[in-house]
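Please read them with the structure open.

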Amino acid sequence: MTPEKFPEHIRDHIIPTPSGEMCYRCLGCTETFGIDKLLYTCPACGEVLLLQDMEQNRLKGLSGQTWREILDYRRMLKIPALKGIYRFHEFIGPVIPLESILYLGEGHTPIVQANETLQEIVGMPFYYKNDGQNPSASFKDRGMASALSYIRYLVTSGKVDNVLAVCASTGDTSAAAALYASYLQPLVKSAVLLPHGKVTPQQLSQPLGNGAAVFEIPGVFDDCMKVVEALSEKYNVALLNSKNAWRILGQESYSYEIAQDLEFDMKNKVVVVPIGNAGNITAVMAGFLKFLDAGIITELPKILGVQSHHANPVYQYYSEPDAKKRRFVPMTVKPSVAQAAMIGNPVSMPRVISLVNQYNKKADCQKVFFVSVPEQEIMDCQLMANRNGHIACTHGGETLAGLIRARKEGLVHSDETAIIDSTAHALKFSGFQEMYFEDRLPEEYEVKPQKSLQNKPVFIRPEGLKEVPAPGMPLTGTAFREFVCQTADAIANNLHLSLRDQ
Ligand SMILES: N[C@@H](CCOP(=O)(O)O)C(=O)O
């Protein structure tokens, strides 16, 4: 649909033009800094930053109802720049001109209602948000669309050139970074640092395929992150981890998409996300707060952050009930099937602390909760979800396990509706499924397969057959008919099929 067909009162707002005044705000000393160069930490005190639109109040010039209409009508446009996260332009990056926006298909992943079997097991209605349906098959694409659109804006306005983008990754960030950077080559090149042996083969293939320089180093993600931080402090590189506040901004789209898909009604809703480097939960809280502030939603949903027992520093921090006594202690992680979240020292922890306070204060009650789940439940839940029509990764198993645990702990109730995140596509983590099916998960994962969830292929080669086809050597005539007939009978026998009435 073209804008002239839209209702008159929203027509002028349908195609956004650059507006607002963005700056970095330090979460420590609250100092602000201009956005004409990339900053990751406060030059004054070293604390992490968030981006802020100094003119955000102008968004209140339109009513919540008008905003909802603008956003719904905008969905009908055919303009690529406004099809992904930037259909929320005023809330994501109002200063970015449409020509700089990089859209590769991210930011409209479906929410899929769980079937009756699953809803009964959990005891409440819930949906999966399938973030594996983003272009690099994980939720990181929203943040990369934002960070790389900003970099493109800096390059085209002559503020930087020859950008080398770097990131540390457990697999998904590097896949997204390499994909988005490769679209902008030769202006932008990328290098990724991975903990050796700690990303899946599928995830490793992604940055390799997109032409990034891939470095594998000993240790875990937290070690890679420190090296990338050191690189960005000393050398002229653009850091693409969520320490980069543009990443957080893009990931806020996750909240906007959920709100829009649920008719902007967040009453009795629970948004469940796994926590790794904590960028996502930061963005989710920030996004809902912005929509509330603009009157687009009238209530904040509950937020449930989930971690594995093997990597749960955020959960441990919040398990101290007395806020004054809470001290953040980075932990040494143990191997986790939720490998992308195997992080003991999340870079966004200061942002989480600040936003949880703001969120609960705004809601006037506790709305953010944390649970920790064992590896066994993560794996069992992933497989159970996928046996019921989903494409959940192990982190999708983690959120389902987290929701079940939160039900048991009385943190969420049957009259609420949950939206749980499957952060990536199941195929990225198929190796864990394979090890579970074959009972080969190393002991330190502490997972024992449940027989009822295991599956394996059955090789059929009827003994009576003299010849079978092979690649490049097809059978013909009687031999082929014999092969088809005996193989079909053997499969029917295996499945206990009854004969069709003639
Ligand atoms: N799980 C992440 C870890 C890095 O997270 P980021 O959001 O800070 O980039 C990954 O996929 O690498």
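1. A term first. A crossover is right-handed if, with the strands pointing away from the viewer, the path from the first strand over the helix to the second runs clockwise. Helices (H or I, at least four residues) and strands (E, at least two) are DSSP runs, numbered from the N terminus.

2. The ground rules. This is a predicted model: local features need pLDDT of at least 70, side-chain atom pairs count only at pLDDT 80 or more, and totals for chains, interfaces and linings use all residues. Residue numbers start from 1 along each chain as its sequence is written.

3. One right-handed β-α-β unit consists of E7, helix H7 (residues 201-209) and E8. Strand E7 (residues 188-195) and strand E8 (residues 213-217) pair in the parallel sense over five bridges; two strands pair if DSSP finds at least two bridges between them. Leu194 stands opposite Glu216 in E8.

4. Now the six-stranded sheet. This sheet is open, its pairing is mixed, and its order is E4-E5-E13-E10-E11-E12. Strand E4 (111-113) and strand E12 (368-373) are the edge strands, each pairing on one side only. From one strand to the next, the twist averages 25 degrees (axes are lines fitted to C-alpha atoms, for helices over the stretch in contact; angles run from 0 to 180 degrees between N-to-C directions).

5. Look at E10 next. Strand E10 (residues 269-274) pairs in the parallel sense with strand E11 (residues 302-308) over five bridges. In E11, Val306 stands opposite Pro274, and Gly305 stands opposite Val273. E10 also pairs in the parallel sense with strand E13 (residues 417-422), over four bridges. There, Ile420 is the bridge partner of Val272.

6. How many residues of E10 are buried? Six of its six are, where buried means 20 or more other C-beta atoms within 10 Å of a residue's own, exposed 12 or fewer, and partly exposed in between, with C-beta atoms placed from the backbone. Both faces are covered: Lys269, Val271 and Val273 on one side, Val270, Val272 and Pro274 on the other.

7. Finally, the ligand. Why does the ligand lie between domain 1 (111-135 + 252-453) and domain 2 (139-245)? Because both domains give residues to the shell around the ligand. The domain bounds come from an automatic or database domain assignment. Of the 15 residues around the ligand, Ser169, Asp172, Thr173, Ser242 and Asn277 come nearest (near: C-beta atom, placed from the backbone, within 6 Å of a molecule or strand).
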